[in-house]
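Please walk me through this structure, from the overall fold down to single residues.

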Amino acid sequence: MKLKELINRAKQKNLTAMEELFNQFKPLLKSRAKKYSRYGLEYDDVFQQASILFVLAVYNYQEKPPTTFAGYMKKRIDWGLWMYYRKYLKQKIEITSGLKPKESHQ
């Protein structure tokens, strides 16, 4: 199945098409998760976040040359993970500076 057809089917909530698309881009998601896990984030959390961003990006993608689906996907994942990382940093700073108490896990 061609990429364009996969994208269209995935947008129509075809789970098989979404899964096939996801598997094609899984190496990208893994590499980005690995990158951010070096900055202190948990790999599994980042990969899960990247996966959510991927699905949302598929639904939001609109074919507008010269932007390719792969190019669009990279930008969306990178931007989304950067925002996720910034949120993590902000929390870490607030906790270490005493601005926000640690949440107790009971």
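The paragraphs below go from the whole chain to its helices, then to its aromatic rings and a few single residues.

This is a predicted model. The secondary structure comes to four helices and zero strands. Along the sequence the pattern reads α-α-α-α. The radius of gyration is 17 Å, whereas the globule rule gives 13 Å for 106 residues, so the chain is more spread out than a compact globule. Along the principal axes, the C-alpha atoms fill a box of roughly 55 × 35 × 20 Å.

Buried residues make up 29% of the 106 residues. Take the contacts with a separation of 6 or more: 55% of them join residues 24 or more positions apart. The accessible surface comes to about 7,700 Å². Carbon and sulfur atoms hold 54% of that surface.

Now take helix H3, residues 43-60. An α-helix has 3.6 residues a turn, so residues three or four places apart point the same way.

Ser 51 lies in helix H3. Its relative accessible area is 14%, and because the cut-off for buried is under 20%, Ser 51 counts as buried. Setting aside neighbours within four places in sequence, Ser 51 is in contact with Phe 22 and Leu 29.

Helix H4 has 28 residues. From first C-alpha to last, H4 reaches 40 Å, close to the 40 Å expected at 1.5 Å a residue. Its buried residues are Phe 69, Tyr 72, Met 73, Ile 77, Gly 80, Leu 81, Tyr 85 and Glu 94. These buried residues pack against H1, H2 and H3. Ala 70 is also found in H4. Ala 70 is partly exposed, with a relative accessible area of 29%. Just after H4, Gly 98 takes a positive phi of about 85°.

Turn to the aromatic rings. How many aromatic pairs does a search of the whole structure find? The search finds 12. One is formed by Tyr 39 and Tyr 85, with 5.4 Å centre to centre and 45° between the planes, a tilted pair. This pair links distant parts of the chain. Tyr 39 sits in the loop between H2 and H3, Tyr 85 sits in helix H4, and the two are 46 residues apart. Tyr 39 is partly exposed, at 42% relative accessible area. Tyr 85 is buried, at 12%.

Tyr 43 and Phe 47 form another pair. Their ring centres are 6.3 Å apart and their planes are at 15°, so the pair is stacked. Tyr 43 and Phe 47 are four residues apart in helix H3, which means that about one helical turn separates them. Are they buried or partly exposed? Tyr 43 is partly exposed, with a relative accessible area of 27%. Phe 47 counts as buried, at 17% relative accessibility.

Tyr 43 and Phe 47 also belong to one aromatic cluster. The cluster is formed by Phe 22, Phe 25, Tyr 43, Phe 47, Phe 54, Tyr 61, Phe 69 and Tyr 72.

The last stop is Lys 13. Where is Lys 13 found? Lys 13 is in the loop between H1 and H2. Its phi is near 65°, a positive value in a residue other than glycine. At 63% relative accessibility, Lys 13 counts as exposed. Lys 13 also lies over the face of Tyr 59, at 5.4 Å from the ring centre.

Conventions
Residues numbered from 1 in each chain as written. Predicted model: local features only at pLDDT ≥ 70, side-chain atom pairs only at ≥ 80, totals over all residues. Heavy atoms only, no water. Expected span 1.5 Å × (residues − 1). Phe/Tyr/Trp six-rings, centres within 6.5 Å; stacked < 30°, edge-to-face > 60°. Buried < 20%, exposed > 50% of the residue type's maximum accessible area, 1.4 Å probe, protein only. Lys NZ or Arg CZ within 6 Å of the ring centre and 35° of its normal. Rg over C-alpha atoms; globule rule 2.2 N^0.38 Å. Contact = heavy atoms within 4.5 Å. Areas by Shrake-Rupley, 256 points an atom, 1.4 Å probe, with all protein chains shown as cover.
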